[in-house]
Amino acid sequence: MSEDQHIAAPLRLFNSVTRSTESFAPIEQGHVRVYSCGPTVYNYAHLGNLRAYVFTDTLRRTLLWKGLAVTHIINITDVGHLTSDADAGDDKMEAAARAQAKSIWDIAAHYTDAFKSNVAALNIIAPSEWTVATDYVPQMIAFAEKIAPHHCYELETGLYFDSGTVPDYGALAGGRDDAAHARIDPVAGKRNASDFAIWRKSPPGEQRQMEWDSPWGKGAPGWHLECSVMSQARLGHPFDIHTGGIDHREIHHPNEIAQNQAFHAACCGEPDAATAGFTGARWWMHNNFLVDRQGKMSKSKGGFTTLFSLIDAGIHPLAYRLLCLGAHYRSELEFSAEGVGAALTRLKRLVMGVEALKARAEGVTWQSPRLDFLRANLHPKLAPLLEQFDAAISDDLMTPRALPLLEEAIALKKVPVDEKLCLIAAFDFALGLNLLTLNRADLRLQSKDAQITPEEIEAELDRRQSARASKDFALSDEIRDALAARGVEVMDGDPLRWDWRLSL
Ligand code: AMP
Ligand code: ZN
């Protein structure tokens with residue numbers, strides 16, 4: 001959507017820096033620069049990780065909806081992220097390579113591809129660029145050299161950032177939390193509990209699969225350094241919005257900010273004190289966790305649920321997207337089989353509603369929604385829905401308020417069907433549910449464990465229909481029970497005629 005297609009409500013976004021919702025305006029008029037902390041590719045992304053990217057995609061789509069151009073970077077962390085928040089210990093990538101007896105490069109390539117396929121399945125718009133950490137090591141060394149004289153000290157294990165050298169370390173986390181840092185394994189010789197490695201030297205006599213020469217000896221960059229360097233290289237500091245999961249608000253992002261401040265001071269020749277308030281990005285936005293009954297979903301806990309496992313269970317990936325959109329990104333969201341099953345049913349109803357409209361449509365105008373055209377020409381019954389939808393997503397991406405408006409639009413009676421589809425396409429542009437192209441059959445994924453094909457189910461249901469027509473209820477019940485035994489739940493009386501589903 002272009003700039004002239006301006007929509008009325010002002011865009012307001014929650015900024016973790018001020019812990020308040022603020023009016024948003026990009027630094028450069030009409031163009032927003034966004035950096036999202038990307039996945040560490042040592043394992044498959046779990047559904048919690050993917051919530052972070054559904055959130056950034058909703059942000060990106062909302063910015064586009066508001067007529068803004070977006071440059072969006074997501075990084076791929078293929079080095080530097082340790083198995084805990086500690087500065088000592090294994091790199092997650094090295095550990096995975098050892099466990100699977102593969103090279104780190106193979107591990108990284110495999111899980112990067114898997115992540116990108118998840119992104120595509122969730123209809124997340126691919127970033128303008130995926131920046132890969134190992135492509136930026138020379139820039140990381142140059143960055144570290146610049147800040148080292150005033151902000152770093154060397155220990156046997158690496159080059160450390162002295163968090164006492166920046167004026168407001170930890171402000172993003174709500175203040176310096178030494179107790180939290182003290183819980184992290186201590187490294188002998190660190191000046192402050194919250195100091196962190198920006199370069200980790202390879203232990204003497206040990207060769208890592210991934211190591212580079214540096215002024216501090218052979219080794220690998222620290223994880224926090226990567227994001228400061230890649231965001232600076234691709235977007236320049238300050239850029240508009242930095243995103244990540246809420247766990248990053250506590251350590252990773254405060255450390256990035258400290259590095260950004262140090263770099264800013266070094267480059268601008270400013271006294272360190274003058275960098276207070278400089279963070280490298282104007283907005284820092286964080287999605288809350290996806291949790292399950294055991295707590296926050298995490299890769300290291302094991303037993304996590306991936307998008308692949310959902311697909312294997314016969315759940316369409318966009319049902320997971322819809323589940324995410326049904327909760328505000330700053331609220332915790334509990335994942336359960338029932339919850340994602342309900343989201344799938346909701347998606348089916350949406351798709352079937354749109355399918356019915358498409359069957360009645362005469363024109364094809366709905367294929368390219370033009371918001372300005374819509375605003376000028378919408379039927380009086382539809383116009384308020386457009387305004388309310390715009391107000392909802394402009395209010396810090398309130399998708400739970402936007403979704404019922406989509407459902408209302410589909411259900412509205414006595415309005416021209418083409419106009420309705422045009423409005424639905426516009427809503428879907430922001431929500432990314434692919435409603436105009438999905439059909440009922442697409443949503444019926446075959447579960448990996450299914451003992452029966454959709455064709456067999458349909459044939460059984462036809463047989464049951466005839467039994468009921470001839471009032472042979474015993475046979476009808478027998479067929480229903482036999483289907484249930486094979487994992488098929490028959491839903492009698494569904495007004496939208498979604499008459500069966502595979503039980504989870
Ligand atoms: P990682 O691959 O561990 O670096 O994480 C990728 C993204 O997922 C980061 O933005 C994390 O903050 C985010 N994340 C991790 N766990 C969860 C969770 N359970 N719910 C939501 N976001 C998460
Ligand atoms: Zn990051």
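UniProt, in an unreviewed entry, places the short sequence motif "'HIGH' region" at residues 39-49. Over residues 39-49 the chain is 27% helix and 0% strand. The end C-alpha atoms of this stretch are 8 Å apart. The model is predicted.

**Zinc site**

- Three protein donors hold the zinc ion (ligand 2): Cys37 through SG, Cys227 through SG and His252 through NE2.
- These donors lie 2.1 to 2.2 Å from the zinc ion.
- Along the chain, the donors follow the spacing C-x189-C-x24-H.
- Cysteine 227 sits in helix H6 (residues 223-235) and histidine 252 in helix H7 (residues 252-268), so the pair ties together parts that are 25 residues apart in sequence.
- Cysteine 227 has a relative accessible area of 1%, so it is buried.
- Histidine 252 counts as buried because its relative accessibility is 2%, and the cut-off is under 20%.

**The parallel sheet**

- Five strands form an open sheet in the order S5-S4-S3-S10-S11.
- The pairing in this sheet is parallel.
- Strand S5 (129-132) and strand S11 (281-287) stand at the edges with a single partner strand each, so one side of each has no neighbour in the sheet.
- From one strand to the next, the twist averages 25°.
- Strand S3 (residues 31-36) pairs with strand S10 (residues 239-245) in the parallel sense, over 3 bridges.
- Tyrosine 35 stands opposite histidine 242, which is in S10.

**The antiparallel sheet**

- Four strands form an open sheet in the order S6-S7-S8-S9, with antiparallel pairing.
- Its edges are strand S6 (152-154) and strand S9 (219-221); each has a single partner strand, so one side of each is left without a neighbour in the sheet.
- Neighbouring strands here are turned by 25° against each other on average, direction ignored.
- Helix H4 (residues 137-151) packs on this sheet and touches S6, S7, S8 and S9.
- The direction of H4 makes about 60° with that of S7.
- Strand S7 (residues 158-161) and strand S8 (residues 196-201) are joined by 4 bridges in the antiparallel sense.
- The bridge partner of tyrosine 160 is alanine 197 in S8.

**Aspartate 57**

- Aspartate 57 is in helix H1 (residues 47-65).
- Aspartate 57 counts as buried because its relative accessibility is 1%, against a cut-off of under 20%.
- Leaving aside neighbours within four places in sequence, aspartate 57 is in contact with Asn123, Ile124, Ile125 and Arg321.

**Isoleucine 107**

- Isoleucine 107 is in helix H3 (residues 104-121).
- Its relative accessibility is 1%, so isoleucine 107 counts as buried.
- Beyond neighbours within four places in sequence, isoleucine 107 is in contact with Val41, Tyr42, Met93, Ala96, Ala97, Gln100 and Lys102.
- One of these contacts, alanine 96, lies 11 residues from isoleucine 107 along the chain.
- The C-alpha atoms of isoleucine 107 and alanine 96 are separated by 7.5 Å.

Technical notes: Residues are numbered from 1 along each chain as its sequence is written. Chains are lettered from A and ligands numbered from 1 in the order in which they are written. This is a predicted model: local features need pLDDT of at least 70, side-chain atom pairs count only at pLDDT 80 or more; totals for chains, interfaces and linings use all residues. Side-chain values use heavy atoms; hydrogens and water are left out. Helices (H or I, at least four residues) and strands (E, at least two) are DSSP runs, numbered from the N terminus. Buried means under 20% relative accessible area, exposed over 50%, partly exposed in between (1.4 Å probe, protein chains only). Contact means heavy atoms within 4.5 Å. Donors are N, O and S atoms within 2.8 Å of the metal (3.2 Å for Na, K and Ca); water is not among the atoms, so sites may look incomplete. Two strands pair if DSSP finds at least two bridges between them. Axes are lines fitted to C-alpha atoms, for helices over the stretch in contact, and angles run from 0 to 180 degrees between N-to-C directions. UniProt positions are given in the numbering used here, feature names are shortened, and annotations may be inferred rather than shown by experiment.
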